[in-house]
Amino acid sequence: MRKDVRILLVGEPKVGKTSLIMSLVSEEFPDEVPLRAEEITIPADVTPERVPTHIVDYSEAEQSDEQLYQEISKANVICIVYSVNNKKSIEKVTSHWIPLINDRTDKDSRVPLILVGNKSDLVEHSSMETILPIMNQYQDIETCVECSAKNLKNISELFYYAQKAVLHPTGPLYCPEEKELKPSCIKALTRIFKISDLDNDGILNDNELNFFQRTCFNTPLAPQALEDVKNVVRRNMTDGVKNNGLSLKGFLFLHTLFIQRGRHETTWTVLRRFGYDDDLELTQEYLFPIIKVPPDCTTELNHNAYLFLQSVFDKHDKDRDCALSPEEVKDLFKVFPYMPWGPDVNNTVCTNDKGWITYQGYLSQWTLTTYLDVQRSLEYLGYLGYSIIYEQESQAAAITVTRNKRIDLQKKQTQRSVFRCNVLGARGSGKSGFLQAFLGRNLQRQRQIRDDHKSYYAISTTYVYGQEKYLLLHEVMPDFDFLSEADLACDVVCLVYDVNNPHSFEYCAKVYKQCFIDSKTPCVVIAAKSDLHEARQHYSLSPHEFCRKHKLHPPQPFTCNTTEAPSKDIYTRLTTMAMYPHMAQADLKNSTFWLRASLGATVFAVLGFAMYRALLKQR
């Protein structure tokens, strides 16, 4: 909603512009009328729309053309005043004033016009017969008001309509020639309908209509009022009401009816509640609420956000198979202006045997987006209507900003749920295989992934000491010259080499010495492709000797060339090291550290799966 409204009155001399303003202010017709009234401001608390309103007069005798042009460019609405008993002043509306205003305003953001027929006390007939063809000819004309400054007739109505033309314009919503809603309005209202249709059955039932009514107008509808609304729709269209609920067609019809009856403010109240501006675009303030993320802090979704995302998943998982088919994904993102997930997402998170994103994979992708790009996550939650459904001030309420990592290290404990592991290694060392194995894909399944659908991220859950955590693996490009601070900033590092390639370990040694030797970030060396023959590495120290010298854990053998899904033990170890970096160093020689973590993970993975199955039964 605008912060204020600026109304400009123009017209031929002696039509009564100044008298109209003075009659409004003093509530009586002035005995003496100056050439021009001073600009006045009506405070918000005395206007029907609760918005400060500035009223500006124009006088040809006192002002230059240049001053007039400046006022036109500043005005939010322009009242063209004519005298109902003066044909020449009516003719000037089309011959002079409308062309002048159009020349001075941008075509894409035309200012609304109101035709004001003053001095209605001097004639017995109406000027509307002459004015209606003009209104039909020019789309920018919102309405026409006949009034009398002398009798105080329709004065307050005139300025109310002027306010309304700015705050609730017809132009973006409705095409009078076609007598139907404009495409951009239909698109916005369709999104609003889909968000409000909480069970996604294509109908707004009584509960959903009441929630919608309360959300937009702060008051529920009485049962009889609900029936009255549905009866109006039933009388006017055959498929507007289905199963005693409002269909999309019925919903759009109601808004068409509101506009046709001059109740634009009803539709605008709905549009603005759901984040739209005057051009029917979602506002930047709605999509990108301010959120401060200090250095060394991360962003995660909180409990309410996960509950909301779960409800969105349930709403679109129509076949209840705990996965989203391509059609279900498409349906979920119909409230977005574009498709936010590409085919790489299916290789970033867990999928079922058909390659469809599972419930766990879906939540993982949201977790990844929030961690890597919180602004994008806020935007996506905005499209889905999080702040409206959960009645929050903005999507920022869905985000937890974690405390500084330095405090975690000092206190030797963390409250974070998402941990980042950067995976480095020479080309062909097995990094991609290591990422895909985390998602349960063996080498055979990995070979089916197309190069253009490849992802440099993999994210899923692990269990450490009974706590479910997200581990985010990021495959870093091996070019030394392009390693940025962002590539190196993480909670744990994986240095991957191919046991079968004698030149592979040299990269790991080099990158460790250059980037991580003085770092407090835990590092793990992964001996990938351990099912193959182990070649002697062409480096001054063997991998084992190198790890011993630099007080690293011995190289961890790993292969994804298995018949079943690859082992997840190594990923639990990585998450444990990320959570407890101090313990990872202290317990370097203590194998029970790994054993405790792995055992805890196995027990809780089984428990977690049982709980997940129980949750699905409830759903």
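Me: How many cavities of 30 Å³ or more does the structure hold?
Reply: One. A cavity here is a set of points, on a 1 Å grid over the protein atoms alone, where a 1.4 Å probe fits but cannot get out. This is a predicted model, where local features need pLDDT of at least 70, side-chain atom pairs count only at pLDDT 80 or more, and totals for chains, interfaces and linings use all residues. Residues are numbered from 1 along each chain as its sequence is written, and side-chain values use heavy atoms, with hydrogens and water left out.

Me: What volume does the largest cavity have?
Reply: About 70 Å³, a volume being the space filled by probe spheres set on the points, which are joined across faces, edges and corners.

Me: Which element gives the largest share of its lining?
Reply: α17, with three residues. Lining residues have an atom within 4 Å of a point, and helices are DSSP runs (H or I, at least four residues) numbered from the N terminus. α23 (569-579) and α24 (581-586) each supply at least two residues as well. The lining includes Lys 405, Asp 408, Met 579 and His 582.

Me: Which residues are closest to its centre?
Reply: Of the 43 residues that line the second largest pocket, Gln 139, Glu 142, Pro 169, Thr 170 and Gly 171.

Me: And which element gives most to that lining?
Reply: α5, with four residues, has the largest share.

Key: 1 Å grid on protein atoms, 1.4 Å probe; cavity = no way out; pocket = protein on both sides within 12 Å on 5 of 7 lines; lining within 4 Å.
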